[in-house]
Amino acid sequence: MSTQQEIAVSYDVANDFFRLWLDKRMIYTCALFEGTDDLETAQVNKLKWFYEAVRATTDKRLLDIGCGWGGTIEFFSQEMGVKDVTGITLSRAQYNEIQAKSIPGLSVECVSYTDYQPQEKFDGVISIGMFEHIATPEQSRAGKHISVYRDYFRRAWEWTNPGSWFALQSVIGFRVPRLRQDVQEIGWVTSTIFPGAITPRLEAIISSVNPYWEIMEVKTRREHYAKTTAEWLRRLKSHEDIIRQRWGDERFEEYQRYLSACMMAFEKGYQSLAQIALRRID
Amino acid sequence: MTEPEILNLLKEAFAFAAPEEAEAAENLTLEGTLDQFGVSSIVAFEMAGYIEDKLDIQFADDELAQISTIKGFVNLIRQYTDTKVVV
């Protein structure tokens, strides 16, 4: 698992910085551009997909592992009427943002999933864009990633009641780049923007759910992430002056390079995005 | 393709992927590991891309990642060229 220091590099830059170029809910993961070109609508599409995939109802207890700035749990709570929603994040900046809102029925903890111990079991789990932080690049290179992923799925199984569903979203490695420059750009993003993280391959996720979860649905959304990152980049550039002024030239250029590299990686098929609906094996 | 033809293609691909290693590319032989000839994993994938374009084939990433010897690379190319469907 990425350390808290590594998570801070990725997510604790400044909440106001991310607010400038993400959607209004600050959802920092792939949106679903079905029937729309608008990022706000596309993020709601994605959240609705998750609501369906986790078989949410208003009376269920739901857990969001890696809840970001709380956009997803807030949507479930405030717009879909789910009465009991919990989020965990390892980012202090994200935790503070959610705490400050004090939303009834919504709780958040600043904790790693490896240390998390719920007081009560859940009826469903969602995890969007956190899976990439579970195994370290070193564990992956040593071939230990599958057992690390399996341990994650075991924990989620233990935290849930029979009949639960788990809706998961992760960037996945698709085709290994053949061009050195492309390899270097993707490597730069990982080491600079997301230290301690690594993109899993879809087959690694598939292998590791067993014996805890049954795969019920898999969707890949490569083009949607290319479009999402393109929109983030457009928004970032539209705030260039204020970003340079408040966070410096280096920060602007770093994020411009990162989002451009992401667009390239999704467009060329080096990376893709998977959404997976899992049913608990009881 | 014959084994010498494939070896020549590998030399060509190596020189393309790592022009600074032109001499090592010329001395490439069937015996030896990629490491011994200075072929890093990045260079190996770049070589693979060159060969894919040249022969109009596509290697599977996992098979490419497992290659550690020149002989292994040759066998992989042979496997793909032998089974290529011509339409």
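How many aromatic pairs does a search of the whole structure find over all chains? The search turns up 34. Keep in mind that this is a predicted model.

**Aromatic pairs**
- Take A:Y152 and A:F166: their ring centres are 6.1 Å apart and their planes sit at 55°, so this pair counts as tilted.
- This pair ties together distant parts of the chain, with A:Y152 in helix α7 (residues 145–158) of chain A and A:F166 in strand β5 (residues 160–173) of chain A, 14 residues apart.
- Both A:Y152 and A:F166 are buried.
- A:Y255 and A:Y258 pair up edge-to-face, with 5.3 Å from centre to centre and 90° between the planes.
- About one helical turn separates A:Y255 and A:Y258, because they are three residues apart in helix α12 (residues 249–267) of chain A.
- A:Y255 and A:Y258 are both buried, too.

**Charges over rings**
- A:R55 lies over the face of A:W165, 3.6 Å from the ring centre.
- A:R280 does likewise with A:W157, at 4.1 Å from the ring centre.

**Where chain B meets chain A**
- Chain B brings 14 residues to the contact, and chain A brings nine residues.
- About 840 Å² of area is buried between the two chains, and carbon and sulfur atoms give 45% of that.
- Five salt bridges cross this interface, including one between the side chains of A:R175 and B:D61 (4.0 Å, N to O).
- Eight residue pairs are in polar contact across the interface.
- On the side of chain B that touches chain A, α3(B) gives the most, with seven residues.

Terms used: Residues numbered from 1 in each chain as written. Chains lettered and ligands numbered in written order. Predicted model: local features only at pLDDT ≥ 70, side-chain atom pairs only at ≥ 80, totals over all residues. Heavy atoms only, no water. Phe/Tyr/Trp six-rings, centres within 6.5 Å; stacked < 30°, edge-to-face > 60°. Helix = DSSP H or I, 4+ residues; strand = E, 2+ residues; numbered from the N terminus. Buried < 20%, exposed > 50% of the residue type's maximum accessible area, 1.4 Å probe, protein only. Lys NZ or Arg CZ within 6 Å of the ring centre and 35° of its normal. Contact = heavy atoms within 4.5 Å. Buried area = accessible area lost by both parts, 1.4 Å probe. Polar contact = N/O pair within 3.5 Å; in protein donor to acceptor, adjacent residues only side chain to side chain.
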